[in-house]
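Please walk through the fold below with the sequence at hand.

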Amino acid sequence: MQQIIVDINISPDEWIKLYQGVATDVHTRARDGRSVRFPARILSRFYLRDGVRGSFRILFDQDGKFASIERL
């Protein structure tokens, strides 16, 4: 299974834009330097009062489709 590790820091104001659909994807850089884009909805269970912050491992299946995400 393929994986990437990303460090995320999304403020509450930025999250509102994602939640309302103004923006739908998160664009960031993985720790290995790759530029990655993924649907913001996969982070929704990690949203707290101060936004979404932390390091996450995102797993993909052999076809490159999202499989799961976990906070590190």
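Lysine 65 is in contact (heavy atoms within 4.5 Å) with Leu59 and Phe60, leaving aside its neighbours within four places in sequence. This is a predicted model, in which local features need pLDDT of at least 70 and side-chain atom pairs count only at pLDDT 80 or more, while totals for chains, interfaces and linings use all residues. Residues are numbered from 1 along each chain as its sequence is written, and side-chain values use heavy atoms, with hydrogens and water left out.

Lysine 65 lies in the loop between strand 4 and strand 5; helices (H or I, at least four residues) and strands (E, at least two) are DSSP runs, numbered from the N terminus. With a relative accessible area of 54%, lysine 65 is exposed. The terms here are buried for under 20% relative accessible area, exposed for over 50%, and partly exposed in between, with a 1.4 Å probe and protein chains only.

Two strands pair if DSSP finds at least two bridges between them. Leucine 59 stands opposite serine 68 in strand 5. The two strands form a hairpin with five residues between them, and glycine 64 in the turn has a positive phi of about 80 degrees.

Strand 4 also holds valine 52. Is valine 52 buried or exposed? Its relative accessible area is 0%, so valine 52 is buried. Apart from neighbours within four places in sequence, the contacts of valine 52 are Ile8, Asn9, Ile10, Trp15, Leu43, Phe46 and Tyr47. Valine 52 and lysine 65 are 13 residues apart in sequence, and their C-alpha atoms are 22 Å apart in space.

A second hairpin is made by strand 2 and strand 3, with five residues between them; glycine 33 in its turn has a positive phi of about 100 degrees. Strand 2 and strand 3 pair in the antiparallel sense over five bridges, and histidine 27 stands opposite arginine 37 in strand 3. Strand 3 (residues 35–39) has a covered face, made of Val36 and Phe38, and an uncovered one with Ser35, Arg37 and Pro39.

Threonine 28 belongs to strand 2 (residues 25–29). Its relative accessibility is 19%, so threonine 28 counts as buried. Not counting residues up to four places away in sequence, threonine 28 touches Val6, Asp7, Ile8, Arg34, Ser35, Val36 and Phe38. Between lysine 65 and threonine 28 there are 17 Å in space, C-alpha to C-alpha, at a separation of 37 residues in sequence.

Now the whole chain. The protein has one helix and five strands, in the order β-α-β-β-β-β along the sequence. Buried residues make up 32% of the 72 residues. Among contacts between residues at least 6 apart in sequence, 52% join residues at least 24 apart. The C-alpha atoms fill a box of roughly 35 × 20 × 20 Å, taken along the principal axes. A compact globule of 72 residues would have a radius of gyration near 11 Å, and the 12 Å of the protein agrees with this; the radius is taken over C-alpha atoms, and the globule rule is 2.2 Å times the number of residues to the power 0.38.
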